[in-house]
Amino acid sequence: MTNPFGDAGDADCMARNPFEEADSATLRMQLATCPEAYGIDRMSDSQVRARVREFQLMGRLPLETERS
């Protein structure tokens with residue numbers, strides 16, 4: 001039986017999401033540009049990532065593909 005999740009070679013063919021590959025410092029800087037964001041220095045990396053994505057979906061921050 002083959003692996004239902006593919007193998008390591010499949011990752012090379014998949015589209016990459018730059019948002020998921022961004023480091024936490026970049027995401028924190030992006031979040032700092034949004035006036036509604038506060039307490040960034042107390043957030044964990046996962047909270048920052050979730051908050052940036054939330055602001056992107058609400059249109060308060062540009063989507064990663066729009067900035068490229």
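Met29 is exposed, with a relative accessible area of 59%, where exposed means over 50%, buried means under 20% and partly exposed means in between, using a 1.4 Å probe and protein chains only. This residue lies in helix H2 of a predicted model, in which local features need pLDDT of at least 70 and side-chain atom pairs count only at pLDDT 80 or more, while totals for chains, interfaces and linings use all residues. Residues are numbered from 1 along each chain as its sequence is written, and side-chain values use heavy atoms, with hydrogens and water left out.

**Confidence**

- The mean pLDDT of the protein is 75, and 62% of its residues reach 70 or more; pLDDT is the predictor's confidence in each residue, on a scale from 0 to 100.
- Confidence is highest in helix H3 (residues 45–58), at a mean of 91, and lowest in helix H4 (residues 64–67), at 52.
- Where pLDDT is low, the predicted coordinates should not be read in detail.

**Overall make-up**

- The protein has 4 helices and 0 strands, and its pattern along the sequence reads α-α-α-α; helices (H or I, at least four residues) and strands (E, at least two) are DSSP runs, numbered from the N terminus.
- Of the 68 residues in the protein, 24% are buried.
- The protein exposes about 5200 Å², and carbon and sulfur atoms supply 54% of that area, as given by the Shrake-Rupley method with a 1.4 Å probe, in which only the protein chains shown count as cover for residues.
- Among the contacts in the protein with a separation of 6 or more, 40% come from residues 24 or more positions apart, a contact being heavy atoms within 4.5 Å.

**Helix H2**

- Helix H2 covers residues 24–32, and its buried residues are Leu27, Gln30 and Leu31.
- Seen down the axis of H2, these buried residues fall within an arc of 100 degrees, so they line one face of the helix; the arc is that of the directions from the helix axis to the C-beta atoms.
- The face turned away from the buried side of H2 carries the exposed residues Met29 and Ala32.
- Met29 and Ile40 are 11 residues apart along the chain, and their C-alpha atoms are separated by 9.4 Å.

**Helix H3 and what follows**

- H3 has 14 residues and reaches 20 Å from its first C-alpha to its last, close to the 20 Å expected at 1.5 Å a residue, where the expected span is 1.5 Å times one less than the number of residues.
- In H3, the residues Val48, Val52, Phe55 and Gln56 are buried.
- Viewed down the axis of H3, its buried residues fall within an arc of 105 degrees, so they line one face of the helix.
- Ser46 and Leu57 are exposed on the other side of H3.
- Arg53 also lies in H3 and is partly exposed, with a relative accessible area of 34%.
- After H3 comes Gly59, whose phi is positive, near 85 degrees.

**The nonpolar core**

- The largest nonpolar core has 11 residues, including Leu27, Leu31, Cys34, Val48, Val52, Phe55 and Leu61; such a core is a set of buried Ala, Val, Leu, Ile, Met, Phe, Trp, Tyr and Cys residues joined through side-chain atoms within 4.5 Å.
- The elements that give two or more residues to this core are H2 and H3, and H3 gives the most, with 3 residues.
- Leaving aside residues up to four places away in sequence, Cys34 touches Phe55, Arg60 and Leu61.
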